[in-house]
Amino acid sequence: MSPRVAILGGNRVPFGRAYKAYRNVGNQDLLTAALDGLAARFGLAGERLDEVAGGAVIKSSRDFNLTRESVIGSALDPATPAVDVQRACATSLEAATLVGNKIALGQIDVGVAAGSDSVSGAPLEASPGMRRAAHRLGAARSAGDRARAIAGLRPRDLLPAAPGGGEPRTGLSMGEHQALSNERWGITREEQDAIALRSHERLARAWDEGFFSDLATSFQGLSRDENLRETSMEKLARLKPAFGGENGTMTAGNSTPMTDGAASVLLASDEWAEKRGLRVLAHVVDVQTAAVDFVRGADLLSAPIFALPRLLERNDVSLADIDLVEIHEAFAGTVAMTTKAWASDEFCRERLGLDGALGPIEEERLNVHGSSIAAGHPFAATGARILPTLAKALYQRGPGALGLISVCAAGGQGAVALLRSAA
């Protein structure tokens with residue numbers, strides 16, 4: 001029998017708003033801090049682990065070996081191997097799948113999945129004119145050649161190109177794509193604002209009640225997520241549209257903010273945990289990825305919708321069997337679209353090939369400790385934030401509780417994962 005993949009816990013830094021608390025630190029600093037907190041919590045200082053898999057979505061050239069460099073700079077034994085992976089917003093969920101599969105195959109006993117992103121540290125690109133001049137300088141063989149290369153520069157060439165956030169195939173941002181999806185699905189401003197309000201209220205309550213006391217460590221003066229706000233439906237209603245034009249329903253209040261942060265999760269076999277005397281919170285049962293053809297009209301952030309039926313069928317589980325559901329709040333509209341699709345008889349029959357709807361997801365089992373709208377979304381870190389959060393929540397419910405994770409990602413991709421609480 002293959003070893004089970006146990007989730008022992010996690011650690012993250014409180015997530016910061018871009019250009020604020022973490023403006024002077026980058027991906028490596030953030031990821032190292034997340035790993036150091038994990039090492040301190042589980043007594044791993046100086047320990048050689050079998051694998052650390054992590055990554056970032058926004059990377060500069062100096063971050064080409066980000067996870068390995070973060071391990072070397074952390075309290076872990078520098079002999080711990082590390083690898084970078086990337087699947088946009090599902091990066092650290094993909095990293096957990098990589099580590100978990102190695103545990104299930106018996107190749108390793110323990111590993112860490114992690115992710116980090118610093119919007120504040122996004123690299124600025126040279127303009128096309130500056131790049132051409134640099135190429136000419138590189139090929140120059142005389143002072144005259146070098147002078148001519150420089151002479152070709154224009155004042156506008158000296159300005160760096162701003163980082164782009166649009167989908168290369170469409171030129172539209174994620175927000176613009178979700179605005180189109182909101183229209184298609186008839187998602188109202190009120191629905192989105194209500195999801196955003198619940199996210200802030202539930203995250204605030206979780207922090208106040210100490211739920212994150214063993215899941216996060218303070219960093220750079222932050223002791224809780226910087227985006228967290230005391231808000232109301234009235235305050236949210238006063239915000240101007242950010243996507244979808246003047247009559248758009250998406251605002252800064254019901255969309256995920258630009259965020260800096262890092263998170264990590266400790267995965268191991270049951271045997272490794274037992275030898276260390278460490279509590280197992282939950283097990284990773286299965287993971288399924290999917291992709292959609294958004295270039296030809298599919299909803300960009302809908303891939304998890306299509307991944308779920310395969311996951312449920314393979315594990316002989318229904319959506320009604322799931323005790324807690326975590327849907328990454330890329331936008332409030334994304335959550336609404338996902339739940340509407342799974343609850344729609346017509347969509348599930350025509351698009352998912354099922355006999356009928358997968359079923360509704362009631363508010364009391366959805367994102368019960370808040371999610372990305374309130375916490376923020378450092379792209380590569382979100383999966384490693386959600387995994388230990390859900391694992392702990394399932395453990396508190398008792399043995400055998402089932403949890404579902406749904407994470408959409410750029411490029412029309414997404415992943416879903418099934419967890420079961422430990423006995």
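How are α4 and α5 oriented to each other? This is a predicted model, in which local features need pLDDT of at least 70 and side-chain atom pairs count only at pLDDT 80 or more, while totals for chains, interfaces and linings use all residues. Residues are numbered from 1 along each chain as its sequence is written, and side-chain values use heavy atoms, with hydrogens and water left out.

**View 1. The pairing of helices α4 and α5.** The axes of α4 (residues 128–139) and α5 (residues 143–151) come within 9 Å and cross at roughly 180°; the two helices are therefore roughly antiparallel to each other (an angle over 145 degrees). Axes are lines fitted to C-alpha atoms over the stretch in contact, with angles running from 0 to 180 degrees between N-to-C directions. A133, R136 and L137 of α4 meet R146, A149 and I150 of α5, where contact means heavy atoms within 4.5 Å. These residues divide into four nonpolar, no polar and two charged.

View 2. R224 is found in the loop between α7 (189–208) and α8 (233–237). At 31% relative accessibility, R224 counts as partly exposed (between the limits of under 20% for buried and over 50% for exposed, with a 1.4 Å probe and protein chains only). Leaving aside neighbours within four places in sequence, R224 is in contact with P14, A204, W207 and D208. The C-alpha atoms of R224 and L203, which are 21 residues apart in sequence, lie 10.0 Å apart.

How values were computed
Helices (H or I, at least four residues) and strands (E, at least two) are DSSP runs, numbered from the N terminus. Angles under 35 degrees count as roughly parallel, over 145 as roughly antiparallel, 65 to 115 as roughly perpendicular and the rest as oblique. Ala, Val, Leu, Ile, Met, Phe, Trp, Tyr, Cys and Pro count as nonpolar, Asp, Glu, Lys and Arg as charged, and the others, Gly among them, as polar.
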